[in-house]
Structure formats: C-alpha cells, structure tokens
Amino acid sequence: VKAAAAGPRQRTPNPQPHQRRHPIPSPPATPPALHPASDAAASPGVLETTTPSPLLAEATRRARFMRGSRMNPDRRTRSIMSVVIVMGLCGFFYILGAWQKSGTGRGDSIALRVTKETDCTILPNLHFETHHSMDGVNPLTMNNKVFKPCNIRYSDYTPCQDQNRAMTFPRGNMIYRERHCPAKNEKLHCLIPAPKGYVTPFPWPKSREYVPYANAPYKSLAVEKAVQNWIQYRGDVFHFPGGGTMFPNGASSYIDELASVIPLADGTIRTALDTGCGVASWGAYLMDRNILAMSFAPRDSHEAQVQFALERGVPAVIGVLGTVKLPYPSRSFDMAHCSRCLIPWKSNDGMYMMEVDRVLRPGGYWILSGPPINWKKYYKTWQRSKQDAEEEQNRIENIAEMLCWNKIYEKEDTVIWQKKENSNPCHNKNSRTSKMCKVQDGDDIWYKKMETCITPIPEGAHQLQKFPERLFVVPPRILDSTQGVTEEVYEEDKKLWKKHVDTYKRINKLIGKSRYRNIMDMNAGLGSFAAALNSPGSWVMNVVPTISERNNTLGIIYERGLIGIYHDWCEAFSTYPRTYDLIHASGVFSLYENKCDLEDILLEMDRILRPEGTVILRDNVEVLNKVRRTVAGMRWKSKLLDHEDGPLVPEKLLIAVKEYLVGSKEGKSS
C-alpha cells in the first residue's frame, strides 16, 4: 500500500559485484482469466501479494518453453535427428560385428592385415626346419610314448606289398606282385622307425643325383647295374649318373632323341607314364622340360628301386601290370614309356597294350625301347631264337594297328607310336567292333580286373590346351559335363584353395620352397590345392579317395597337367616308408568316419611321412580333437588353429610336425 501511495516504482540500480545474490525471478504477467475476481484485484493501485498456485507454475513453465521454441525453431529438429543418427550407428555396428564373426563373410580383414604387417611368428612352438642332415644330428626332445616303435626289421615295411605275403599268391600274370593288404588283425600298431643314421634328403636338384646311403642302405643294384650307369655307391652316398639299361649314356641324351619326334618343349606333353621305371631316371630328367612322369615298378628282386626314386625326389609308386587295372583314369597321360620294362606286351591277346591305350590321351605317344625291338641285332644276346623274337615284334605291331596307333618312328632300339586324335571311326570297322568295351564308366577301376577290349573315346570331346595354360582354364571334362562339376563350382574351388594355400604359407614360410619336395594331398578334389601350390621345387601326389562322393575327379586333375592316383585310405598306400615331406588332408577323417579306424589312417600317415615332416589337417573341430589326442602319442607336435574366416567357423586347422625316430639292431629307438 505504501509503495502504491508513493507513486511509480523507481528502477533499482544494479548492485555492486560483492552485493549480488541469486534472487528468484518474478513470474511473468499472468493472463487475468487465470486469477479469481476479488475486490483487492479490482482496486486501483493495490498489489496482489498471495503465493501462486501449482497451476500457475505449470503455465509459467509452458510459456517459457514456447517462447524458447519461438526463439530457436531448429532445436526440436536437431534433437530428433540426433536420436535417429545414434540409433542408426548402433544398428550398423551391431550388424557389422555379427557379419565379421559369423563365418559367412570374408572375415575380419583388418585383423588379417595387421597380422600380415606385423609378420608375427604364428606357431612359435613348431619347428619346420630339419635338424638331421648330413652336417650333424640334433635330436628333438621326445614326449612320453603311447605307440611304441616297431622292430627295426620293419624299417622298409610296405603292408600291401609284403614279400612274405606275396609268396602265398599265384605267380601267373604277376598276381603275387599286386596289392595284397593285411587283414585287420594283422596290421601293425606301432611306429615304423627309420634306419640308423637316417638324414634329411638333399634338396632338389642335388637329390636327383645323390641319395644318402643310410636312407636306403641297399647295394645290390649298384652291383647288378654297374655297367648300365643306374646307380653307384660312393662311401656315404649313392650317385645316380642318370643312365639306364637302354640309355647308358644318360637320360638327357635319350630324351633329346625322343624330342626330335615328340613335341616335348612347347607344353603339349605334360603328363607321362613310365612302366617298369627302375630308379626313375627318365622321369627325373623330364622335369627339366616341365614334364611330370608317374613312374611305377613292382617290389621285386630289384631291391628298393621305387624307394630310390622317391628319395631322389621323383614321383613313383609300387605297382605292376598284372590282372588289375592301373589306378589311373582313362585318357590321363600325354605319353607312356617302356624302356626294357620286361612287360609281356603280346600276352593275353594284347590286354596290357589295351590298358596303356585306356590311360593314353588321344594324340598321345607310346615309346617302346628294348626287347623285342631291333631283334635282328640282339636275339642271340637275349638267348632267343630268331623266329621267336621276330614273332613277338610282329605281334606287338599288329596289336598297335588294332588300337589305331600309327608308327611314327623306328631307329635302332626305339619305336614310337602315336594314338589317333579321333580313333572311333577306326574302331568302328567291322573287324574291331567286337573289341570295344561295354563299360559305362572307364574311370571305375579300383580293384577291377583288366579286360581284353578297347575303351571308347567320348564323342565331341573338347581340345586340351597346352601347359601351363591348362592348369587354370576350365578342363574339357567339365566343359563336356561328364563329371558332374559345373564351371561355377570349378572357379569357386580355385578361389577357395588360393586363399587356403596363402594361409598355409603365412603359417609356414617354408612351403613352396626346397624344404618340401614330395607332397601328398590325401583328398585332392579338383586338384586346386596342388595348382595353387605349383612350384618347380616340389610336386604333389593328388589322391582321390575311392569312397568320395565325387570320386571321378582324378581325370580333371590330369587334364590340369597334374598327377595323382585313386586310393582307399582304409588300406596302406603303395609306397615305401618315409617318402613324403608334407602331407595335406582336407576332410579325410570326416569322410572315413565309421568307415575304418582313425588310428589306422594316422599310423599309415606316420609310416609314409619323413622324420621331421609336416602334416596339415583341415576338418571339423570335433574330428580334429580326436586326431590330436591320438597323435600326442605318436611323437607328433601339433597345434590347433582357427579357420581363416574366424573362430566361429566349425572347420579348423591342425598343424603337426613328426619327430625324429630311428631304430637299432637291438630293437630299441632313439
């Protein structure tokens, strides 16, 4: 009242800084409708001093907000957009993280790039370098044994070509030299030891000429073949001059003679078959021309000839032309060879030549040197009658004509025939129609008996390209749709195994170098592992399991310019112990689960793996855990690794290194 009587309110000057307080701001003027009518309010000059109601406070807050909104019209829009952006980023990073770790994507590329750039040692507890060479011995520390070493007399044991078992079979048609595997209760469950003094073979190409004596301590060939330059014993090594019975001056000069007729230099010839190979000098020197030869010979009186071949770093298996088909698909080889191989080609109505025709590609070459060729000069040396020797060569000539082969070369001891590119018109002549095989699948050969008939060639087959182009182009068998594999599947398989092999090389930087010469792929599929690994310093034996769903892919592998063989891993492989430096197996143990004993497969791998050799297994994690428990008692050091695409992928890698084990005459090991 006093203030009203005093007249208009005077503006109070701003207080000094030390006098300022925090007064509660006066509420804004309120619309009259919100105040109840009263005499005091109606009286002029009277100031209402009562406390505002809650309703008044709410109205005051809303009025302030509305005024602020009018002053900042973008404030509400920014708030909504901020919420949307935050929610969007959260969703994006959640989906990205799930994709990276799901295994369906390409994996964590950032982590992979960091791994490559840091170049860290991924497996510090595995040593891929050898420790037992001619320079000295440095044994690895052994773990507690579960599987005991076998007696030293088994150091060169070949289960399916055991000499004692072989002698219980008929000798006719070389039946006793064929595969005769032990029954389950006769299998050995011990580790095959290396002979005392065993060392790592020399690196290629030195291994072609020199083999440590301790690795294959057999001198009989050096004595028997001394004048033929097969092999020479020189102190602690064997020397291989490169000679043979029909090429005592060396395989190189012999191959030069063949090259004057056969195009060996332009990639037309890539795969070859050497029947009765001896120590495989022909195949060893074909490698200078980028030609891979599959060599085979029986385990017979020529002691350890296939073992010498593999110690030299040349592809070879124990085998024989007997009564069972060769373990190769039809139309596999560009060239086949027999140099005094002593195979009775005229016998059984030409059945052996018909088997060569089955595995020989259209346009391929067959080389025969030695008896009965040039019989006029040598029939007395062979202690044969003139009539008998002449009759044998005439019989071979007639069989070759029946097979529609053209003789293109004959000089001294060597004759070369060429199989026609399209021999079907020739075979359809009346006199030869009855000789054609009626089989639906020319590649169904495992333990199948040879037949006295000619395997027909599919009509309209695509032309095979020269090597190395044929290594990566689509093979004709896929283009012809005869193998159940599409072009898309083939291209994806190439990409997948390129990624896998890159991973292997990152884990073990010695892969692709001279450390690993003889390599085996136990489940080769389309051969893309070997193709991605292709290196002049190594070769791969591509094995296609006979129980595989796609067991007809070996023909595709040969069309790519690679070599391989059919096999059932429930049985022992046709080779000597300690013949492979590296063994790769993808899906083998899942494939053979409930088919045969996992332990038997692992013991066979141990038999054919060289001391300090490496194993790369790729399979389901549950299966690999079983494998890892078994190999812990086999003197293998192992490491389980995640898949390239991350830890959530069920497929894993098991990398293992076999320890050094040698035997002694007392039956002990070290």
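Modeller: A salt bridge is a side-chain nitrogen of Lys or Arg within 4 Å of a carboxyl oxygen of Asp or Glu. Side chains of opposite charge can pair when their charged atoms come close. This is a predicted model. In it, the side chains of Asp581 and Arg610 meet in a salt bridge, at 2.9 Å from N to O. The pair links distant parts of the chain, with Asp581 in strand β16 (residues 580-586) and Arg610 in strand β17 (residues 609-620), 29 residues apart.

Biologist: Are Asp581 and Arg610 buried or exposed?

Modeller: Both Asp581 and Arg610 are buried.

Biologist: How many salt bridges does the structure hold?

Modeller: The structure holds 31 salt bridges. One of them joins the side chains of Arg477 and Glu559, with 3.3 Å between N and O. Arg477 is in helix α16 (residues 476-479) and Glu559 in helix α19 (residues 554-559), so this pair links distant parts of the chain, 82 residues apart.

Biologist: Why does Arg477 count as buried?

Modeller: Buried means under 20% relative accessible area. Arg477 counts as buried because its relative accessibility is 2%. Glu559 is buried too, with a relative accessible area of 8%.

Biologist: Which helix holds both Arg607 and Glu604?

Modeller: Arg607 and Glu604 both lie in helix α21 (residues 598-608), three residues apart, about one turn of the helix. Their side chains meet in a salt bridge of 2.8 Å, N to O. Arg607 is buried at 3% relative accessibility, and Glu604 is buried with a relative accessible area of 7%.

Biologist: Which residues are linked with Asp600 in a network of salt bridges?

Modeller: Lys184 and Lys187 are linked with Asp600 in that network.

Biologist: Now the cavities. How many of 30 Å³ or more does the structure hold?

Modeller: There are six cavities of 30 Å³ or more. The largest cavity has a volume of about 90 Å³. Its lining residues divide into six nonpolar, two polar and four charged. Among the residues that line the largest cavity are Met351, Met354, Glu355, Arg358 and Thr455.

Biologist: Last, the loop residue. Where does Ser538 lie?

Modeller: Ser538 lies in the loop between α18 (528-533) and β14 (539-545). Ser538 counts as buried because its relative accessibility is 12%, under the 20% limit.

Biologist: Which residues is Ser538 in contact with, leaving aside its neighbours within four places in sequence?

Modeller: Ser538 is in contact with Tyr516, Arg517 and Ile519.

Notes
Residues are numbered from 1 along each chain as its sequence is written. This is a predicted model: local features need pLDDT of at least 70, side-chain atom pairs count only at pLDDT 80 or more; totals for chains, interfaces and linings use all residues. Side-chain values use heavy atoms; hydrogens and water are left out. Helices (H or I, at least four residues) and strands (E, at least two) are DSSP runs, numbered from the N terminus. Buried means under 20% relative accessible area, exposed over 50%, partly exposed in between (1.4 Å probe, protein chains only). Contact means heavy atoms within 4.5 Å. On a 1 Å grid over the protein atoms alone, a cavity is a set of points where a 1.4 Å probe fits but cannot get out, and a pocket is an open set with protein on both sides within 12 Å along at least five of seven lines; lining residues have an atom within 4 Å of a point. Grid points are joined across faces, edges and corners, and a volume is the space filled by probe spheres set on the points. Ala, Val, Leu, Ile, Met, Phe, Trp, Tyr, Cys and Pro count as nonpolar, Asp, Glu, Lys and Arg as charged, and the others, Gly among them, as polar.
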